[in-house]
Amino acid sequence: QWYQRRVAITAGEAPNAHQIFVGNLPNNTAYADLEEKFKSYGNVVHVRVTPNNFGFVVFENEEPVQAILGAVKSGEKFFLNDQRLNVEEKKTAMNSNRGQRKPFSDQRSNTRRGGGRRGGAVGRSGYNDQNSDLK
């Protein structure tokens with residue numbers, strides 16, 4: 001099994017079903033803090049904490065993950081240093097829309113054109129017209 005290797009396990013090597021996402025971590029959270037918080041659910045084989053105040057906890061199998069997600073679904077709240085954590089299933093990059101934006105061409109609506117709130121110059125006769133009387 002993947003968790004029995006003697007080399008360091010990374011979150012990328014573990015199946016998603018063996019991992020949880022933990023967001024809203026307090027500043028300066030150490031991996032040992034997360035391991036301590038969740039080890040009562042099962043054998044924690046890897047913890048990753050990012051500078052963006054979120055992390056991943058990897059278990060040797062999916063049973064602890066299912067137990068934690070079941071607890072969350074039934075209303076249990078998780079705290080670390082009096083700060084409520086956001087505990088969710090780990091999503092694959094392909095299934096997650098976090099940080100992804102629509103292509104630029106899809107961001108604009110084709111129904112409004114011509115300069116925003118004031119209507120712009122498009123379609124106004126005489127505005128910026130070479131043959132205008134304002135010369």
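# Close-up views of a predicted model

**Figure 1. Lys90 lies over the face of Phe56, 5.7 Å from the ring centre.** A charge is taken to sit over a ring when NZ of Lys or CZ of Arg is within 6 Å of the ring centre and within 35 degrees of the ring normal. The model is predicted: local features need pLDDT of at least 70, side-chain atom pairs count only at pLDDT 80 or more, and totals for chains, interfaces and linings use all residues. Residues are numbered from 1 along each chain as its sequence is written, and side-chain values use heavy atoms, with hydrogens and water left out. Lys90 is placed in the loop between β6 (86–89) and α3 (104–107); helices (H or I, at least four residues) and strands (E, at least two) are DSSP runs, numbered from the N terminus. Between Lys90 and Phe21 the C-alpha to C-alpha distance is 5.0 Å, although the two are 69 residues apart in sequence. With neighbours within four places in sequence left aside, Lys90 is in contact (heavy atoms within 4.5 Å) with Asn16, Gln19, Ile20, Phe21 and Phe56. The side chains of Lys90 and Asn16 are joined by a polar contact of 2.9 Å. Such a contact is a pair of N or O atoms within 3.5 Å; within protein, one must be able to donate a hydrogen and the other to accept it, and residues adjacent in sequence count only if both atoms are side-chain atoms.

**Figure 2. Aromatic pairs, of which the structure holds 5.** The ring centres of Phe21 and Phe56 lie 5.7 Å apart and the planes meet at 65 degrees, so this pair is edge-to-face. Phe21 belongs to strand β1 (residues 19–23) and Phe56 to strand β3 (residues 54–59); the pair thus links distant parts of the chain, 35 residues apart. Both Phe21 and Phe56 are buried. A second aromatic pair, Phe38 with Phe78, is tilted, with 5.5 Å from centre to centre and 40 degrees between the planes. Because Phe38 lies in helix α1 (residues 31–38) and Phe78 in the loop between α2 (63–73) and β4 (79–80), this pair ties together parts that are 40 residues apart in sequence. Phe38 and Phe78 are likewise buried. Ring pairs also link Phe54 with Phe21 and Phe56 into a cluster. Rings of Phe, Tyr and Trp (its six-membered ring) pair if their centres lie within 6.5 Å; planes under 30 degrees apart count as stacked, over 60 as edge-to-face and the rest as tilted.

**Figure 3. The open sheet of 4 strands, in the order β2-β3-β1-β6, is paired antiparallel.** Its edge strands are β2 (44–49) and β6, each pairing on one side only. On average, neighbouring strands of this sheet are turned by 20 degrees against each other, direction ignored. Two strands pair if DSSP finds at least two bridges between them. Between β1 and β3 there are 5 bridges in the antiparallel sense, and Phe21 stands opposite Phe56 in β3. Helix α1 packs on the sheet, where it touches β1, β2, β3 and β6, and its direction makes about 135 degrees with that of β2. Helix α2 also packs on the sheet, touching β1, β3 and β6, and its direction makes about 125 degrees with that of β6. Axes are lines fitted to C-alpha atoms, for helices over the stretch in contact, and angles run from 0 to 180 degrees between N-to-C directions.

**Figure 4. β2 and β3 form a hairpin with 4 residues between them.** In the turn, Asn53 has a positive phi of about 65 degrees. The antiparallel strands β2 and β3 are joined by 5 bridges. His46 stands opposite Val58 in β3.

**Figure 5. Thr29 is found in the loop between β1 and α1.** Its relative accessibility is 12%, so Thr29 counts as buried; buried means under 20% relative accessible area, exposed over 50%, and partly exposed in between (1.4 Å probe, protein chains only). A polar atom of the Thr29 side chain lies 2.5 Å from the backbone oxygen of Pro26. Not counting residues up to four places away in sequence, Thr29 touches Leu34, Val49 and Leu80.

**Figure 6. Glu76 has its place in the loop between α2 and β4.** Glu76 counts as partly exposed because its relative accessibility is 38%. Its side chain makes a polar contact of 3.4 Å with the side chain of Tyr41. Leaving aside neighbours within four places in sequence, Glu76 is in contact with Tyr41 and Ala71.
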